[in-house]
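Colleague: I'd like to learn how to read a model like this one. Could you walk me through a few features?

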Amino acid sequence: MTKVLLIEDDSETAEEITAELADRGFEVEWSANGIDGLDKARSLRPDAMIVDRLLPGMDGLTVIEALRKDQVRTPVLVLSALGAVDDRVRGLRMGGDDYLTKPFALVELVARIEALLRRPAESRETTLRVGPLELDLIERTAKRGDRVIDLLPREFRLLEYMMQRSDQLLTRAMLLEEVWNYKFVPATNLVDVHMGRLRHKVDGPGEVPMIHNVRGAGFILRTGP
Amino acid sequence: MAGSNASSLTSSRLSGRRDPMLQPQFIRSSTFHWTLAVAGVLAVFVIGLFGFIYWSVDNYLITRSDTMIARQLDFIAGLPGERQLAAIDQNLEQDTRGVHYAALFGADGRKIAGNMGQLPPELGTNDIVRNVPIIRTLPTGRQAGVIRAIARKMPGGNTLVIGREVDETREISHVVGQALALGLLPGLCLCLLAGAWLSLRAQKRVEEVNKRVQRIIAGDLRERLPHRNVDEPFSKLAVIVNGMLDEMETMIHALAGVGNDIAHDLRTPLTRARLALERGRTNATTVEQLQKVVDKAITNIDQSLAIITALLRLAEIENSRRSAAFGTVPLHDMLREVCDLYEPIAENKNVDLRAQVKHRLNVLGDRDLLFEAVANLVDNAIKFTPEGGWVGIELERGDNETVMRVTDTGPGISEQEREAVLRRFYRSDKIRNTPGVGLGLNLVAAIVKLHGFRLAIRPGPGGRMEIICPDR
């Protein structure tokens, strides 16, 4: 079972997160302060960690820094009520792997934890395959079965990102950050429009849909229904 | 706590009423100290000047008197023997003030003629004028004094002495002293009075300013500092401070207005969420119905959160000193990326999005923020452009400046609205019902300002927004 260590001082938030992660099949350890959290991180060796930025006893970033100094490479998701971009940059520089600003949707949190746990390994593959879908990274061509899909460069980039993370829920914020390098969530439904166009090309008429819209959460690319 | 302590301290220092030393306030004021110092320096200078005048006049008179007695000596010594005695007598007779001395002594030191008792031993007989102490016999008694005298040994063995009392010196010192007393003392008093008056006046003004500042602190934002003409430094300062107060008053009022707007904009979605939840709790009979209600509530809460996020972000940009992290931003690439991001949305709306980026132009800045600024402008432009219209993104070189321009065929921004659109939460009546937080342009303005660029809203037709980046 995947073990997640949650270091968060607000017990109500912690309870919700713990319950949600448990529902998704994670084993969750909770720690309410930085010092205890650092101890648990060292002794329990979790698979992933969720660390609040501001903690009593020891600052969240200090905890991460201490762990990284011990060569502990556990992926860390930093939570923060500070939305500042500078803070985000600092969080990531101190060894955090991803950063989520409070308030957040639980779906977003789970999606990001799963993404951290299943980070695609550096692969030398020049062709990505998901079910009937095939993406040639050298020739920059896409095929579904025998059907050639004509993609614009931006659509190719999006599909490449999704195929590297097939069967994973990808939230809009994640896509904006990773595919478009856009750090702020705009009011307009940008991602939906881009995804709509890509889906139109990937899922032809009569074909089993591969790009799925998860209501209120994001998108998944998968072979099954 | 610390703030209130400091302010009470300041006010007691300024008003002086709670001064435990009970010393007149002006004596401790620096204006008064300076006046004292200047008066002191002036007094020393005047005394020095008078001293010099005394010394040089005294010198001049003594030299003149010395020349005179030397000439008399020459004259009398040049006369034949018997005429010498007559000349001495005549000399003494003509002297009504009794300042002349003349005598002829024999070779044995006995007085032959004249008004001196004996040959002063200090006086050499070598034709040099010297100071000689003398006892004078006056009607009031005997009195010691000093005269200038000269003596010469005559060929016959007699010694001729001519002397003169130089009491003018004493008179001069008396006159000088009197002048000093008459001039310097009143002068000094005047100086002190002026100093006291100046420091009292300054103190009064400071007190007046303090009183008004206290009123401003207490919340009376319309209060201003007193000032007379602008040429005086104190008034100049007051005018500057008043200008600052004007600006702050406007800002505080604007802020209060913003506060109301925020409250309103936050309350609307929260009220909707609350109503939905309340009704759902009572009326929903199936899980699906309840989920629908909850979804609705979440959407509304998200909208409130979006407003808060946008506000925080705005505050962050406005307060940030990020210029340290600035780098070279290739605008041509950035604008193409913005175009790339928004093209599908424009197409969906049947709006033609065109990027006219011919030159490769760089500016110094924060790429993410500039991207956000342009994206906001493009987002707005697409939102307000009717179907079949177009939105253009241009990059141009002006005079020592680089210009990013977003144009559209929408309604544009009227002259009257140009300032209003930069106000927080402002939404043109025409577009009241278009969704959005109403902070987009504020964000753009804040980002542009942070970079030291300019945001210009140009007259139509259509919308025409420019971000002008002057060369450094």
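**Reading strands and helices**

Modeller: Let's start with one residue: R144(A) has 18 C-beta neighbours inside 10 Å, so R144(A) counts as partly exposed. For that label, a residue with 20 or more other C-beta atoms within 10 Å of its own is buried, one with 12 or fewer is exposed, and partly exposed is in between, with C-beta atoms placed from the backbone. Bear in mind that this is a predicted model: local features need pLDDT of at least 70, side-chain atom pairs count only at pLDDT 80 or more, and totals for chains, interfaces and linings use all residues. Residues are numbered from 1 along each chain as its sequence is written, while chains are lettered from A and ligands numbered from 1 in the order in which they are written.

Colleague: Where does R144(A) sit, and which residues is R144(A) in contact with?

Modeller: It belongs to strand β8 (residues 141–144) of chain A; helices (H or I, at least four residues) and strands (E, at least two) are DSSP runs, numbered from the N terminus. Leaving aside neighbours within four places in sequence, R144(A) contacts P132(A), L133(A), I149(A) and V202(A), a contact being C-beta atoms, placed from the backbone, within 7 Å. V202(A) is 58 residues away in sequence, yet 7.2 Å away in space, C-alpha to C-alpha.

Colleague: What does β7(A) pair with?

Modeller: Strands pair if DSSP finds at least two bridges between them. β7(A) pairs with β6(A) (127–130) in the antiparallel sense over 4 bridges, and with β8(A), also antiparallel, over 4 bridges. E134(A) stands opposite R129(A) on one side and has K143(A) as bridge partner in β8(A). The β7(A)–β8(A) hairpin has 4 residues between its strands, and R140(A) in the turn has a positive phi of about 55°.

Colleague: And helices: how do α6(B) and α10(B) cross?

Modeller: Two packed helices are described by the angle and the distance between their axes. The axes of α6 (287–319) and α10 (440–450) of chain B come within 9 Å and cross at roughly 15°; axes are lines fitted to C-alpha atoms over the stretch in contact, with angles from 0 to 180 degrees between N-to-C directions. The two helices are therefore roughly parallel, the label for angles under 35 degrees.

How values were computed. Parallel < 35°, antiparallel > 145°, perpendicular 65-115°, else oblique. Contact = placed C-beta atoms within 7 Å.
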